Amino acid sequence: FYHQALHRIQESAGVESASVASNTPLNNSPNPAMEFVIEGRPPLQQGQRQISDLVVTSSNYFNLIGSKLLRGRDFTENDNHDSNGVAIISELMAKRYWRSEDPIGRRFKINSDPNAKWLTIVGIVGDVKQSWFDQEIRPQFYLPYLQRPTLKMLFLVRTSGNPLNLVSTMRSQIYAVDRNQPIDEIKTLAQVFKDEASPLRFAAVLMLVFGSLALILAAIGIYG
């Protein structure tokens, strides 16, 4: 479903770029914290843990949220279930777990998944703060949605004009793929930031970080 709907949205008039993701920054919704092992490393001692937060995304996600790709490459449609597992890691994850080593080309595996395959690191991106209330940034890694499908994803859409003018178009493109697909909510990214940061009373300033020309469509459904 997401793959087909994303292509239809990307081809819509007025859309500059689009992506899907399991979460967005600064929305106070936590990402799953995943323990992992690094290939070639000795077993961890008792009490030691290697943990980073997981976000599932498609290509263009980092550009849409304003996160800079520091090294390596973004995901592509070739990163699918038929290809080798890949991952992009945050700068903090690279520094914390690889230190002076070059993480590009290195592999790690998620502990909690019995069917997990080794993930080759293909890129490093700038750190992203997940919650307004986090005092410290958490290490994160990103997996391509075509390799790790998840039931709930967000469509992020950057438009060339007022994003609210494209709401009906976005709905039509989603329903063209699956008429029974429920759409949870449609908001501008600026509105998301405002809603989540209202207790802090400076959303008006922070909204300017990413601008207002983005839509989030939260669609809950079965991956297909």
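**Elements and the S12 loop**

The model described here is predicted. S12 sits in the loop that links α1 (2-10) with β1 (15-21).

S12 is counted as buried because its relative accessibility is 7%, and the cut-off for buried is under 20%. Leaving aside residues up to four places away in sequence, the contacts of S12 are T169, M170 and Q173.

**Strand β7 and its neighbours**

Strand β7 spans residues 119-125. Six of its seven residues are buried, so the strand is mostly covered. Strands β4, β5 and β6 each pair with β7, and they are taken here in turn.

Strand β4, residues 69-72, runs antiparallel to β7 and is joined to it by three bridges. On this side, G123 of β7 lies opposite G72. Strand β5, residues 86-90, runs parallel to β7, with five bridges between them. Here A87 has I121 of β7 as its bridge partner. Strand β6, residues 107-110, pairs with β7 in the antiparallel sense through two bridges.

**Strand β2 and its two faces**

In a regular strand, side chains alternate between the two faces of the sheet. Strand β2, residues 33-38, has M34, F36 and I38 on a covered face. Its uncovered face carries A33, E35 and V37.

Which strands pair with β2 in the antiparallel sense? One is β3, which is joined to β2 by three bridges; A33 has D53 of β3 as its bridge partner. Another is β6, where three bridges again link the strands in the antiparallel sense. In this pairing V37 stands opposite K109 of β6. Strand β6 therefore has antiparallel pairings with both β2 and β7.

**The second largest pocket**

The second largest pocket holds about 190 Å³ of space. Its lining consists of V86, I110, D113, N115, A116, K117, L119, L143, P144, Q147 and R148. By type, six of these residues are nonpolar, two are polar and three are charged.

Several lining residues belong to strands already described. V86 of the lining falls within β5 (residues 86-90), and I110 falls within β6 (residues 107-110).

Most residues other than glycine have a negative phi.

N60 is located in the loop between β3 (51-57) and α2 (61-65). Is N60 buried, exposed or partly exposed? N60 counts as partly exposed, because its relative accessibility is 27% and that class lies between the cut-offs of 20% and 50%.

R99 is located in the loop between α3 (91-97) and β6. With a relative accessible area of 70%, R99 is exposed, because the cut-off for that class is over 50%.

Definitions and conventions
Residues are numbered from 1 along each chain as its sequence is written. This is a predicted model: local features need pLDDT of at least 70, side-chain atom pairs count only at pLDDT 80 or more; totals for chains, interfaces and linings use all residues. Side-chain values use heavy atoms; hydrogens and water are left out. Buried means under 20% relative accessible area, exposed over 50%, partly exposed in between (1.4 Å probe, protein chains only). Helices (H or I, at least four residues) and strands (E, at least two) are DSSP runs, numbered from the N terminus. On a 1 Å grid over the protein atoms alone, a cavity is a set of points where a 1.4 Å probe fits but cannot get out, and a pocket is an open set with protein on both sides within 12 Å along at least five of seven lines; lining residues have an atom within 4 Å of a point. Grid points are joined across faces, edges and corners, and a volume is the space filled by probe spheres set on the points. Ala, Val, Leu, Ile, Met, Phe, Trp, Tyr, Cys and Pro count as nonpolar, Asp, Glu, Lys and Arg as charged, and the others, Gly among them, as polar. Contact means heavy atoms within 4.5 Å.
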